[in-house]
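Please open the model in a viewer and keep the selection panel at hand.

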Amino acid sequence: MTASDSIPSNLIQTKLYRPSISRDLVHRARLVEQLDRGCELPLTLVSAPAGSGKTMLLSDWLGAYPRRSAWLSLDGGDSELSVFLSYFVAAIRTVFPLACEQTWALLHAAELPSVPTLASVLSNEIGSLGEDHALPAGQRFILVLDDYHMVRNQAIQQFLTDLLRHPPLSLHLVLSTRQDPPLPIASLRARGQLGEIRMEALRFTSDEIAAFMQRTIEFPVDPEIMARVEERTEGWIVGLRLAALSLVIDSDSNRRISQLPADNRYAMDYLLGEVLLRLPRATQTFLLKTSILDRLSGPLCDAVTGLDAPGWNGQCILEWLVEKNVFTMSLDSQGQWYRYHHLFRSLLRSQLARRFSAQAIADLHASASAWCGQNGFVEDAIVHALAAGDETAVVEIIEAQRHVAMNQERWSELDHWLRLVPRRLVDERPELLLLEAWILQQRWRFADIPQYLDSIDALIAQTPPPEPRRTRLRSEIDTLRSLHYYYTSDEEQTSFFARRALQTVPMEYSSVRGLAWMYYASGLQLRGDFSGTQIAFAEALKEDSFHRNSFPTRVLIALCVFHWITADLSGLTQTANRFLVLASERNLAESAAWARYFRGCAAYQLNDLAGAENDFSAVVGRRYVAHSHTFSQGAFGLATVYQAQGRSDQARAVIESVVAYGSETNNTRVLADAQMFRAWLATQQGQQAEGQPWVAWVNRTAPLTPMTTFYVSSFAVVKLLLHQATPASLREALGLLSRLRAFAEATHNTRFLIDVLALQALLDDAQGREQAALLALQQAVTLAQPGGILRVFLDLGPNMADLLDRLGRQKGAPDYVEQILQAFPVASRPHPSPARLSGRRRDLVETLTNREMEVLQLLARRLSAKEIAQQLVISDRTVKRHTANIYGKLGVNDRRQAVRVAGDLGILRPG
Amino acid sequence: MRHNKGLALDTSASYEICVQGNLDASWSDRLGGVSIQSNNCADTAPVTMLSGSLIDQAALMGVLNALYDLGMPLLSVQYLEKP
């Protein structure tokens, strides 16, 4: 992923470009040297009023400086933490192109992590720049944040405070601002950790003024005028430049200068008026009209001013202004973007307000908005439309651009646009409400969606929109409804809405179509129409040739889930691999995480622990790239693998990190699942005490949702109840299992039906209902066989091994049983102690007479009938009689089986 | 070059600022190093007083803006003549 993924690249460039120094610049050695000396400190603060020459000083300093430096010009639009940090990282990347990958991923995750987390991650990544990129020992790279006073957002201030409390050694931060920011400056200053240049230092000295005037004004200036300029401006550079400009434009300015008002501010206003009046009329108008723009380019200015004369257009004028030092700075090296000096611009705007009517100004904004919208600068287009008071335009811009952005998964940008729009307006426009619903969907906040759909329906009913808009709106609503019904397991409604959506969602809405296909196919699965489901998936993927963007990701996720639900592990592996290839081809990091997660699920159930560990740890390792769902489930997978491998500490560590993640991101579902897992893990690791409190957390009445994930916490609850083994807990387990069974059958969920049946078998066995247990187990094994599911059984431990063994002895038992048993670690394979024998078995042992017991012992020692007769001093025939009785009582057919049963019963004596 | 026109933008001065509300003393570091004292009387709304020497007007404006951004209404700003 590149830095400029979500923001048009030419706008980024203008903010990262170090402003070029003006021709009239006087190199101020004393200040530059001071900045040099501050370079080994964490922070330099340049704090002084507007027009003191801060930007020029810093630009001059870095231009001559041999060290690596980056620049970021801030403005009012950077008022959100994620936007600010995106630019921050982008600035760092102008020096270190691949830096701060983790922070970047964090910024584009579904939910922004907390400020301390972000600060810590970024601080580490900046710190490592020193090591990775061979900064000369002890040297810091420089990052200038210009116009820092524009930042008023508390989260951003908190972020930098955290960063400055533990400043990375490789960074020298320079803040250029009009007033001191609320950062821990006092303590840095006290510890000598702060470089500082303030207004007093920035004043031009007499020598510097003389040098400046000499450079700017080609003819010699009357010393008296010089003295007056110095006195009036007090070394304030903007004042000086205005004075110089005024003298250049009209050399007969003696009188004018002498009339300069005593105060800086009024002098400025006065001189500006004078300067403006001396400029050609067309240029004046140009300046006033374009003052509404944060950033200027030739074509944009032409759009705003309506200039159309060949040879004298916006581009020409801007270049002329720069050349004549009329407070215009270029923002890139191609001469495409410019901006006015802040003070100059604010004065132009006040002139504009005086000379133009409100309507005329609104019209200027409207023209700017139109141009920006047509040229892809969506945010600027919105801002100008709002300034023009044209709410319809705002809505139209977002409506026109939203699907493009959705198809490219630019969710944080979409969220940002919505926040620029007043709430009242959003509530009135179906398309904007839909956008909000889509953002919720992206965040998996499904429960919040229905109320949006109801509001939209109400709006449409109130003022029915014309076609084709109406059908398009309906198609999006249908898609969201089918999603809602899927999660309530209403197969009929899911299919109904998804089918209708597929018929009407336009092909350009790739993102929406992907979802419609996903729920259409999933609806068929809910009904149990598996072949229909597969056909649907195939159809959906064929459609990708039209889209060629992120369209297939949702379809592939749903297809993987389908394989999982139908316990088709080879299908799952195959599709996951295909998904992984697509993800890397199209550079989709989140999808790659999904693919590996699914592959891990298959590997685990196939008992390929190494493979599962590999995939799950890849998902967990990139925790903020993956969707929160993928991360948490991947972590459960990894912990399960570790536990299976006996790596208890690591299993616990993984779960702790999920609990932390759940709290940090305020995700109650993840938190609940993780705590249940933790309780189960504790019982597996022999710790009784930790397992107990979970009982209170179990929500017994919560409706069941489709079981599509690696880990379904309901089963952990059943296992915990079984582990408790009290009559009450077993009863409850029984109740829960029968609910789960009904649900799994109703939703045709083979995968988890296997779990239900296996647990049912254990429960029946524990309560002495052996035949029922064997029957349930048989069903489970039969379902597990085609896909090769192993771990469901292995994870249930020696009790399951024992039950499987008994199943295996029965006539007509599936072959697969043997395969499962072989997969058990040797230590878990059936060696039942007498205490664990079922009641019936115990009875069997008791019916053997002493003599029969003796014969059995000798049979086990491989003695022939003759040898046994000799040993026991009885006849051959008697031996044969005893043997037949033994076989009859044990329910076996031959010596081998008899010995085996005897061994199982633990009645064979050693030796 | 300086004329005796009283306080200038770039000279240091002492101020006493009062705002409505409570502010933790730990904010001192981020607010120009001023000392912070909160006053919580039973009947009236709480008041916080910030006082100290600020290096110049840019520092003062930084404090005032920060207080505004923290949502604390300004009750008074008093320039204190240096003793």
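Select the face of H40(A) that is turned away from its buried side: the exposed residues there are A:Pro727, A:Arg731 and A:Ala746. Exposed denotes over 50% relative accessible area, buried under 20%, and partly exposed the range in between, with a 1.4 Å probe and protein chains only. Helices (H or I, at least four residues) and strands (E, at least two) are DSSP runs, numbered from the N terminus.

The model is predicted: local features need pLDDT of at least 70, side-chain atom pairs count only at pLDDT 80 or more, and totals for chains, interfaces and linings use all residues. Residues are numbered from 1 along each chain as its sequence is written, chains are lettered from A and ligands numbered from 1 in the order in which they are written, and side-chain values use heavy atoms, with hydrogens and water left out.

Next, select the whole of H40(A), residues 727-746. Its 20 residues reach 29 Å from the first C-alpha to the last, close to the 28 Å expected at 1.5 Å a residue; the expected span is 1.5 Å times one less than the number of residues. Which residues of H40(A) are buried? They are A:Ser729, A:Leu730, A:Ala733, A:Leu736, A:Leu737, A:Leu740, A:Phe743 and A:Ala744. Seen down the axis of H40(A), these buried residues fall within an arc of 145°, so they line one face of the helix. The arc is that of the directions from the helix axis to the C-beta atoms.

Contact here means heavy atoms within 4.5 Å. H40(A) is followed by A:His748, whose phi is positive, near 55°.

Proceed to H42(A), residues 770-784. This helix has 15 residues and reaches 21 Å from its first C-alpha to its last, close to the 21 Å expected at 1.5 Å a residue. Its buried residues are A:Glu770, A:Ala773, A:Leu774, A:Ala776, A:Leu777, A:Ala780, A:Val781 and A:Ala784. They cover an arc of only 165° around the axis, which puts them on the same side of H42(A). Show H41, H43 (791-794), H44 (797-809) and H45 (816-823) of chain A to see what the buried residues of H42(A) pack against.

Now select A:Tyr509, in the loop between H27 (491-504) and H28 (510-527) of chain A. A:Tyr509 counts as buried, at 10% relative accessibility. Leaving aside neighbours within four places in sequence, A:Tyr509 is in contact with A:His403, A:Asn407, A:Arg472 and A:Glu476. A:Phe551 lies 42 residues from A:Tyr509 in sequence and 9.3 Å from it in space, C-alpha to C-alpha.

Display both chains for the interface. There, 29 residues of chain A are in contact with 22 residues of chain B. The two chains bury about 2100 Å² between them, 50% of it on carbon and sulfur atoms; buried area is the accessible area (1.4 Å probe) that two parts lose on being put together, summed over both. How many salt bridges does the rule find across the interface of chain A and chain B? It finds three, a salt bridge being a side-chain nitrogen of Lys or Arg within 4 Å of a carboxyl oxygen of Asp or Glu. Select B:Asp69 and A:Arg152, whose side chains meet in a salt bridge (2.6 Å, N to O).

Finally, view chain A as a whole: it holds 50 helices and eight strands, and 57% of its 911 residues count as buried.
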